[in-house]
Amino acid sequence: MYKTSVEAMEEALPSFHEVESPYDGTIVGAVPLTSLSAVDEVLNVAREGARRARTLSRHARGKILDTAAADVEERCEEFARTITSESGKTIRQARKEVRRAVNTLRLSAAEARSNAGEMIPFDSYEGSEDRTGWYSREPLGIIAAITPFNDPLNLVVHKIGPAIAGGNAVILKPSALTPLSAQLLADTLAKAGLPEGILSVVHGGREVTEAMIKARDVRMVSFTGGFSTGESIAHTAGLKKLSMDLGGNAPVIVMADADLDSAVESCVSGAFWAAGQNCVGVQRILIAHPLYARFRHRFLQETARLVAGDPREEHTDVGPMINGRALSQLKAKLDEAIHGGAACIAGNTYEGNVLQPTVLENVPSASRIWQEEVFGPVVMLQPFDTFDEAVDVANAIEFSLHAGIFTNSLDKAMDAASRLDAGGVMINDSSDYRFDGMPFGGSKYGNMGREGVRFAYEEMTQPKVICIRR
């Protein structure tokens, strides 16, 4: 049927997704939606981008990433306020995320310049004395990156920084809840000189994501998010590399000889940072019986000092959860646990999407809030009698990212490090400590691959052997 010029123009115009503030529901921005019919063109652009990326010198990749890092650092307040407006993370926490993203970009630049491969000692094998060679690290091609809402800038950098450093093209699908920080970063990289096509940002629903990840030209899918989504991606992606960070349920063991002040301060921060929407956040605190009453008293004191409310205010410690749906799901788990015998000793009140920091004890081990990832400002206290008991309780969950232990005994600390099933064990630190250069990933069910710039770079590249027979 013939279309009027107005109808044709309306079809050509993109539809937009509006982004709401988790705190007060106001519209804080919008991004153009990618239609399913546009995915083929996105892939065509990425194919050309992969060819351009491969020919970029290591110096050029490093320079682009360093230039972007300097720009983000200079515009720290702009990036921080964008993070706060779309994610509800407090402004002080958002500034810290920006500083971490700057460091992640610089670490990526360093990998681009230095991690090129190494010599292979062919002459160590009899009969190969006349051979010399090496392996280089070569790009995979196109990488699909899917990121969550809770660190909308730094977790994006953790995927696209190493990918660009390795000479790949990236198709980025940020969370629909927090796409503005990712878009701002993409604009910054373009301004820093990243050639067109090396980074494409798509905003769309499940159909768009599925079409992107099942495309044969996509060589790797890097995903951070929930277990059910990760499982769906694994089924859809087909025969390609997968790197997945699928969340955790972090235990922290507090031994009787622990430094009480340090343990309380670290665990309060670890439990309620970013309103508990943190995959390595402290969830289950296991405390030696002789210390339990003192720890509990001090922990409740420090929790009561936290200010929950408007994330834009400098004095706010705990902002809102990402949306009403997430809050409702958490409230259902809280109600179920309390109905089953758990005692709520702090919090469990809310206004809007802001849930007051909540502390439970006597939580039934079969309850969902004990078994699953909380992803909200809720923490559980439980006493233990023996170290073996604490380790068994800590390990009795089928997925794990980080764990922590507080003790002044080096022997006990090293014993815990070897026996705790986790991707990382933090000694005299809470489970939520992370340095962006360390390997980061999970243990047990579902988790695969590692982030952390060097380790993600190596996941996103592949060795190529060059052997010369003289």
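A pocket here is an open set of points, on a 1 Å grid over the protein atoms alone, with protein on both sides within 12 Å along at least five of seven lines; a 1.4 Å probe is used, and lining residues have an atom within 4 Å of a point. Grid points are joined across faces, edges and corners, and a volume is the space filled by probe spheres set on the points.

This is a predicted model, in which local features need pLDDT of at least 70 and side-chain atom pairs count only at pLDDT 80 or more, while totals for chains, interfaces and linings use all residues. Residues are numbered from 1 along each chain as its sequence is written, and side-chain values use heavy atoms, without hydrogens and water.

Select Phe149, Gly225, Gly226, Ser228 and Thr229, which are the closest to the centre of the largest pocket among its 43 lining residues. The volume of this pocket is about 1400 Å³. Next select α9 (227–237), which gives the most to the lining, with 6 residues. Helices (H or I, at least four residues) and strands (E, at least two) are DSSP runs, numbered from the N terminus.

**A loop residue.** Go to threonine 147, in the loop between β5 and α6. Is threonine 147 buried or exposed? Threonine 147 is buried, with a relative accessible area of 4%; buried means under 20%, exposed over 50%, partly exposed in between (1.4 Å probe, protein chains only). Beyond its neighbours within four places in sequence, its contacts (heavy atoms within 4.5 Å) include Leu155, Pro174 and Thr224.

**The largest core.** A nonpolar core is a set of buried Ala, Val, Leu, Ile, Met, Phe, Trp, Tyr and Cys residues joined through side-chain atoms within 4.5 Å. Select Val98, Leu105, Leu153, Leu185, Leu189 and Leu199: of the 44 residues in the largest core, these touch the most other members. Colour α5 (91–114), which gives the most to this core, with 8 residues. Leucine 185 is in contact with Val72, Phe79 and Leu105, among others, leaving aside its neighbours within four places in sequence.

**The sheet.** Finally, show the open sheet of 7 strands, in the order β12-β15-β16-β11-β10-β18-β19, with mixed pairing; two strands pair if DSSP finds at least two bridges between them. Its edge strands are β12 (343–346) and β19 (424–427). Inside the sheet, β15 (358–361) and β16 (378–384) pair in the parallel sense over 4 bridges, and glutamate 361 has leucine 381 as its bridge partner in β16.
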